[in-house]
Amino acid sequence: PDGHWLFSDIPANRIHKISPNGALETYREPSGNSNGLTFAPDGRLVACEHGKRLNSPNDVVVHSSGATYFTDPPYGIQPDEQEQPCNGVYRVAPDGAMALLVDDFERPNGLGFSPDEKTLYIDDSHHQHIRAFDVTADGTLENGRLFCDLASDSDGVPDGLKIDQEGNVYATNALGVWVHAPDGEFLGLIEAPEVPANCAWGEDGRTLFLTARTSVYTVRM
């Protein structure tokens, strides 16, 4: 609400804060090797952290109902540390009950809702594509289908994902951010100086923030 930005540095075990004037400071350390961050409707910060019971939660979104959806690939742990039999997509209900929604991803990563919250997009870093799911009235997912192919021979894989007000899907990937229309049509590439890992919208609705390998970038849209 005060205009600052937060981003994770996973191996450094730290969350950084960027103030509106550009000043950088440590927001939380240790951070539990936090990865994806988002704010819940009530203003709470929700962070994906490594820990037992789950593999290494990667990215997270919060539905307007208060339910939290997150992906759980094994990127942050060793093979012998994996406690779950699958790399799944989960939902945490407002009352705290957690349920596995999808179990057939290889490496589920970024995810985001369409503007009307009727569709949830989830990318798979291993298969280099995005899948779309219908969100049911009870918050579960059905009708999983291929939304778009993000395969590339260049360095980088599909990672973070965000949606704009028109329903276009922005996915960080090799070369930059790949943008697709709601019907899956490829609209273009936003090139980045480094391979980006995640992206987020600024409070003005026109600035796209990118976290890359050593830097944070902004793009005026």
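I began at L120, which touches V61, Y69, L111, G112, F113, R131, A132, F133, V135 and L141, leaving aside residues up to four places away in sequence. Contact here means heavy atoms within 4.5 Å.

The model is predicted: local features need pLDDT of at least 70, side-chain atom pairs count only at pLDDT 80 or more, and totals for chains, interfaces and linings use all residues. Residues are numbered from 1 along each chain as its sequence is written, and side-chain values use heavy atoms, with hydrogens and water left out.

**Cores**

I looked up the largest nonpolar core next. It has 14 residues, and Y69, V102, L120, I122 and L141 touch the most other members. β9 (98–102), β10 (108–113), β11 (119–124) and β12 (129–135) each supply at least two residues of this core. Apart from it I found another core, of 11 residues, including A132, C148, V169 and W178. A nonpolar core is a set of buried Ala, Val, Leu, Ile, Met, Phe, Trp, Tyr and Cys residues joined through side-chain atoms within 4.5 Å. Buried means under 20% relative accessible area, exposed over 50%, partly exposed in between (1.4 Å probe, protein chains only).

**Sheet**

I then traced an open sheet of four strands. Its order is β10-β11-β12-β13, with antiparallel pairing. β10 and β13 are the edge strands, each pairing on one side only. Neighbouring strands of this sheet are turned by 25° against each other on average, direction ignored. For such angles, axes are lines fitted to C-alpha atoms, for helices over the stretch in contact, and angles run from 0 to 180 degrees between N-to-C directions. Strands are DSSP runs (E, at least two residues), numbered from the N terminus. Two of them pair if DSSP finds at least two bridges between them.

I checked one pairing in detail. Four bridges join the antiparallel strands β10 and β11. L111 stands opposite I122 in β11.

**P108**

P108 sits in strand β10. Is P108 buried or exposed? P108 is buried, at 0% relative accessibility. I listed its contacts beyond four places in sequence: T71, D72, P73, N87, G88, V89 and D123. I also took one distance. P108 and V177 are 69 residues apart in sequence and 18 Å apart in space, C-alpha to C-alpha.

**N168**

N168 lies in the loop between β14 (161–163) and β15 (169–173).

**Salt bridges**

I searched the whole structure and got eight salt bridges. The criterion is a side-chain nitrogen of Lys or Arg within 4 Å of a carboxyl oxygen of Asp or Glu.

- D42 meets R44 at 2.8 Å, N to O. D42 is exposed at 54% relative accessible area, and R44 is exposed at 52%.
- R107 bridges to E106, with the closest N and O atoms 3.8 Å apart. R107 is partly exposed at 24%, and E106 is partly exposed at 33%.
- D155 meets R213 at 2.9 Å, N to O. This pair links distant parts of the chain, 58 residues apart: D155 is in the loop between β13 (141–149) and β14, R213 in the loop between β19 (207–212) and β20 (216–220). R213 is exposed, at 54% relative accessibility.
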